[in-house]
Amino acid sequence: MELLFLILSSIVFSIFLYHGFDLHRKRKMPPGPAGLPIIGNLLDLGPKPHESLAKLSQKHGPLMTIRLGSITSVVASTPDAAREILQRKDEACSGRIVPDAVTALDNHEAAVLWIPPNDEWRTIRKALNTFLTHQHKLDTLRDLREKVVDGMLEFLEESGKKKASVDIGKLAFAVALNQMSNTCLSQNVTSYESDDIGGFKTAVKTLMEVDGKFNIADIFPVLKPLDPQNIRRQAKAAYDWFDEVTEGFIKERLKHRKQVERFGDMLDSLLDYSENNDTDFNLIHIKTLLVDLFLAGTETSSNTTEWAMTELLLNPDMFSRLREEVSKIVGENGKIQEEKILDLPYLNAVIKETMRLHLSVPLLVPHKTETKVELGKYTVPKNTQILVNAWAIARDARYWKDPLMFNPERFMGKDQLDYKGQHFEFLPFGSGRRMCPGIPLAHRVVSLMVASFVYHFDWTLPHPKEEMDMSDIFGITLLRSTPLLACPISVK
Ligand code: HEM
């Protein structure tokens with residue numbers, strides 16, 4: 001009872017604190033749905049905010065204001081509105097609102113995902129780019145990535161022999177995790193058979209889940225000390241685990257670097273950057289960056305792969321066409337080499353179309369205004385949350401013919417229609433200064449997995465394809481509501 005009273009009075013207090021300013025702001029802010037006292041538009045959003053916001057924007061326009069508790073947000077729902085935010089007013093709109101769960105990470109103030117776009121953030125992005133944007137550095141680790149895929153193929157062979165269905169999303173997650181750990185640390189961190197309780201799989205899954213949960217303390221900041229849904233406490237256990245493990249990897253590597261040759265992976269690259277540049281980029285940044293990379297790059301890649309396979313299993317003609325394309329570049333040893341698949345037009349079109357229709361991060365990672373800013377004819381105050389509904393834009397019939405159809409053909413012969421942030425109707429990786437730095441790696445990891453699934457195996461579904469559940473669950477990434485299960489039959 002006391003707790004309830006405390007929560008209610010805190011809510012009223014925060015409304016009093018923040019709402020007063022809102023009254024003044026409202027006149028110049030973009031229009032939006034009328035909200036209820038205290039909770040604002042919370043009930044308008046429901047469990048699938050990307051869908052509800054898309055519907056609301058049809059009534060209220062491409063730039064719309066919504067209010068959740070004491071947090072005011074502006075939502076962009078057309079390519080032009082996205083361009084205004086991510087390109088024209090990029091500098092003012094590239095802050096972040098830090099979710100309460102993330103503050104459980106001891107060094108979240110050094111985390112590239114969450115810090116404001118200041119000098120420290122620029123240094124971290126620079127250090128990251130010394131590895132991620134250099135194709136030759138990514139090439140150096142090609143053998144390791146191909147080995148990860150060999151392990152995956154062995155697992156699938158065995159499952160096929162036993163006629164066992166495989167949970168493709170779960171497998172793709174473990175593979176993406178090993179691809180990330182090989183890129184960062186030159187080693188595997190999980191296996192395909194076990195659930196790796198207490199290890200990397202659990203830590204990354206837990207954090208993706210809790211960081212993506214709706215948290216009442218995020219919209220009523222005065223509740224933060226109470227952590228009423230226990231979210232920060234759950235996140236803390238996983239972040240602490242990560243902290244200890246990454247620190248161990250770094251200590252080990254520092255010893256190793258004194259004795260033997262470099263691995264040439266991301267960790268070496270970051271340590272080189274820290275040693276050779278006169279900046280404040282230090283071991284805390286490196287440790288925190290490793291955590292960020294596992295979180296930002298694993299589930300996004302596996303979930304894109306799972307959706308691509310879902311669509312390919314529903315569309316056998318596309319599956320066959322892709323297999324034919326991949327067959328042409330497979331070497332005599334029957335292996336798919338990463339460098340040969342990166343420019344396959346149909347494979348690229350399938351992956352782009354998957355990213356359009358099943359956008360992995362539907363509202364991007366929320367941005368925040370760093371200063372007062374003019375967006376079109378509106379004035380938006382400092383510290384307003386900015387959401388870009390990339391999901392809605394990618395399914396809007398004004399920009400895409402038959403937008404709900406899976407049709408890779410729309411990307412064929414259109415190499416210029418890319419996901420590198422220049423085409424505001426297609427933003428799976430965002431755009432502007434906060435755009436995803438992991439595109440070259442994501443491209444390799446997803447392409448290698450999809451090509452291998454399609455080339456090496458026929459697949460049978462445990463149900464008629466008409467019964468495939470295509471619904472999704474909103475979180476940091478848009479996951480399938482039901483796992484994709486299929487039995488692999490080797491075509492050797
Ligand atoms: C299919 C896979 C992926 C998708 C769909 C994806 C998508 C995104 C999106 C939408 C953002 C937010 C952009 C914004 O706020 O405007 C982002 C940020 C980020 N991504 Fe990715 N990503 C993927 C893979 C990766 C990989 C493999 C890595 C690492 C190697 C990575 C590292 C990051 C980082 C560090 C950020 C934060 C950047 C910042 O705040 O400055 N991502 N990603």
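Reply: Two strands are said to pair if DSSP finds at least two bridges between them. The model discussed here is predicted.

Me: In which order do the three strands of the open sheet lie?
Reply: The pairing in this open sheet is antiparallel. Strand 4 (166-167) and strand 9 (457-460) are its edge strands, each pairing on one side only. The order of the three strands is 4-12-9.

Me: Which residue of strand 12 is the bridge partner of Asp458?
Reply: Strand 9 pairs with strand 12 (residues 485-490) in the antiparallel sense, over four bridges. The partner of Asp458 in strand 12 is Ile489.

Me: Is His285 buried or exposed?
Reply: His285 is found in helix 13, which covers residues 283-297. A residue counts as buried under 20% relative accessible area. The relative accessible area of His285 is 7%, and therefore His285 is buried.

Me: How many nonpolar residues are in the shell around the ligand?
Reply: The ligand is surrounded by 27 residues, and the closest are Arg96, Arg125, His367, Arg434 and Cys436. By class, seven residues of the shell are polar, three are charged and 17 are nonpolar.

Me: Which elements give two or more residues to the shell around the ligand?
Reply: An N or O atom in the side chain of Trp121 is 2.9 Å from an oxygen atom of the ligand. For Arg434, a side-chain N or O atom is likewise 2.9 Å from an oxygen atom of the ligand. The elements giving two or more residues to the shell are helix 5 (119-132), helix 13, helix 14 (299-314) and helix 19 (439-456).

Me: Which residues have the most contacts inside the largest nonpolar core?
Reply: The largest nonpolar core has 108 residues. Not counting residues up to four places away in sequence, Met152 touches Leu171, Val175, Tyr192, Met449, Ser452 and Phe453. The residues with the most contacts inside this core are Met152 and Trp459.

Me: How many residues does the second, separate core have?
Reply: This second core includes Ala81, Ile85, Val380 and Ala394. Its number of residues is 27.

Technical notes. Residues numbered from 1 in each chain as written. Predicted model: local features only at pLDDT ≥ 70, side-chain atom pairs only at ≥ 80, totals over all residues. Heavy atoms only, no water. Buried < 20%, exposed > 50% of the residue type's maximum accessible area, 1.4 Å probe, protein only. Near = heavy atom within 4 Å. Polar contact = N/O pair within 3.5 Å; in protein donor to acceptor, adjacent residues only side chain to side chain. Nonpolar A, V, L, I, M, F, W, Y, C, P; charged D, E, K, R; others polar. Core = buried A, V, L, I, M, F, W, Y, C linked by side-chain atoms within 4.5 Å. Contact = heavy atoms within 4.5 Å.
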